[in-house]
Amino acid sequence: MSSRGARDRRGVSIPTVYLNENMDIRVAQLLKARGVQALHTVEAGNRGVSDEAQLEYATRQHYIVATHNRRHFRQLHKKWIGDGKEHPGIIVIGFSTPERITERIALFLEREYPTLEGPFCKTPPPLENPQ
């Protein structure tokens, strides 16, 4: 798997999504089934590693982090920006079913990611038709 990710249908480069260990591993599988390159912390052998070490790993690999851990990763984002450090991005998302989380991440990558510049820490918008 390339650390640079894939391209969407418009040719925009989409980095691999690196799922923090608090995310259900099925989200990685579902994203892959949709053509999104994804890697779970467990698959990377990084279970139990600190949040900052997870962000450092993702940054070295050019991965976007996806996590349920809003508070810690928002704090890390602010700290990194304040220290002049950059990262490819952080997606913070609430708990839901793996299918709904996958849908929200995929839509975010398709609709919002191509418009973002620089490091970001964002929550994908809710689905338009929740079920």
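**Helix packing and nonpolar cores in a predicted model**

The axes of α1 and α5 approach to within 9 Å and cross at roughly 50°, where axes are lines fitted to C-alpha atoms, for helices over the stretch in contact, and angles run from 0 to 180 degrees between N-to-C directions. That angle makes α1 oblique to α5, on a scale in which angles under 35 degrees count as roughly parallel, over 145 as roughly antiparallel, 65 to 115 as roughly perpendicular and the rest as oblique. The crossing of α1 past α5 is right-handed; a crossing is given this label if the near helix is turned clockwise from the far one by less than a right angle, and is left-handed if anticlockwise. On the α1 side the contact (heavy atoms within 4.5 Å) is made by Arg26, Val27, Leu30 and Leu31, and on the α5 side by Pro98, Glu99, Ile101, Thr102, Ile105 and Ala106.

The model is predicted, so that local features need pLDDT of at least 70 and side-chain atom pairs count only at pLDDT 80 or more, whereas totals for chains, interfaces and linings use all residues. Residues are numbered from 1 along each chain as its sequence is written, and side-chain values use heavy atoms, with hydrogens and water left out.

The secondary structure of the protein chain comprises five helices and seven strands, which are DSSP runs numbered from the N terminus (helices H or I, at least four residues; strands E, at least two). From the N terminus on, these elements follow the order β-β-β-α-β-α-α-β-α-β-α-β. Of the 131 residues in the protein chain, 44% are buried, a class defined by under 20% relative accessible area, with exposed meaning over 50% and partly exposed in between (1.4 Å probe, protein chains only). Among contacts between residues at least 6 apart in sequence, 58% join residues at least 24 apart.

The largest nonpolar core contains 19 residues, and those with the most contacts inside it are Val17, Leu19, Met23, Leu31, Ile91, Ile105 and Leu109; such a core is a set of buried Ala, Val, Leu, Ile, Met, Phe, Trp, Tyr and Cys residues joined through side-chain atoms within 4.5 Å. At least two residues of this core are supplied by each of β3 (17-19), α1 (25-33), β5 (64-67) and α5 (98-111), and α5 gives the most, with four residues. Leu19 touches Val27, Ala28, Leu31, Ala38, Leu39, His40, Thr41, Ala66 and Ile105, residues up to four places away in sequence not being counted.

Within α5, the buried residues are Pro98, Ile101, Thr102, Arg104, Ile105, Ala106, Leu107, Phe108 and Leu109, and their cover includes β2 (13-14), β3, α1, β5, β6 (90-92) and β7 (121-122). At 1.5 Å a residue, the 14 residues of α5 should span 20 Å, which agrees with the 20 Å between its end C-alpha atoms; the expected span is 1.5 Å times one less than the number of residues in the helix.

A further helix pair is formed by α3 (51-61) and α4 (residues 70-82), which pack at an angle of about 60° with their axes 10 Å apart. The helices α3 and α4 are therefore oblique to each other, and their crossing is right-handed. In this pair, Asp51, Glu52, Gln54, Leu55, Glu56 and Thr59 of α3 meet His72, Phe73, Leu76, Lys79 and Trp80 of α4.

Several individual positions complete the description. His62, in the loop between α3 and β5, has a positive phi of about 65° although it is not a glycine, and at 30% relative accessibility His62 counts as partly exposed. Most residues other than glycine have a negative phi. Val92 lies in strand β6 and, at 0% relative accessibility, counts as buried. The C-alpha atoms of Val92 and Arg74 are separated by 8.2 Å, although these residues are 18 residues apart along the chain. Glu21, in the loop between β3 and α1, is partly exposed at 33% relative accessibility. With residues up to four places away in sequence not counted, Glu21 touches His40, Thr41, Asn46, Arg47, Gly48, Val49 and Gln54; the C-alpha atoms of Glu21 and Val49, 28 residues apart along the chain, are separated by 9.1 Å.
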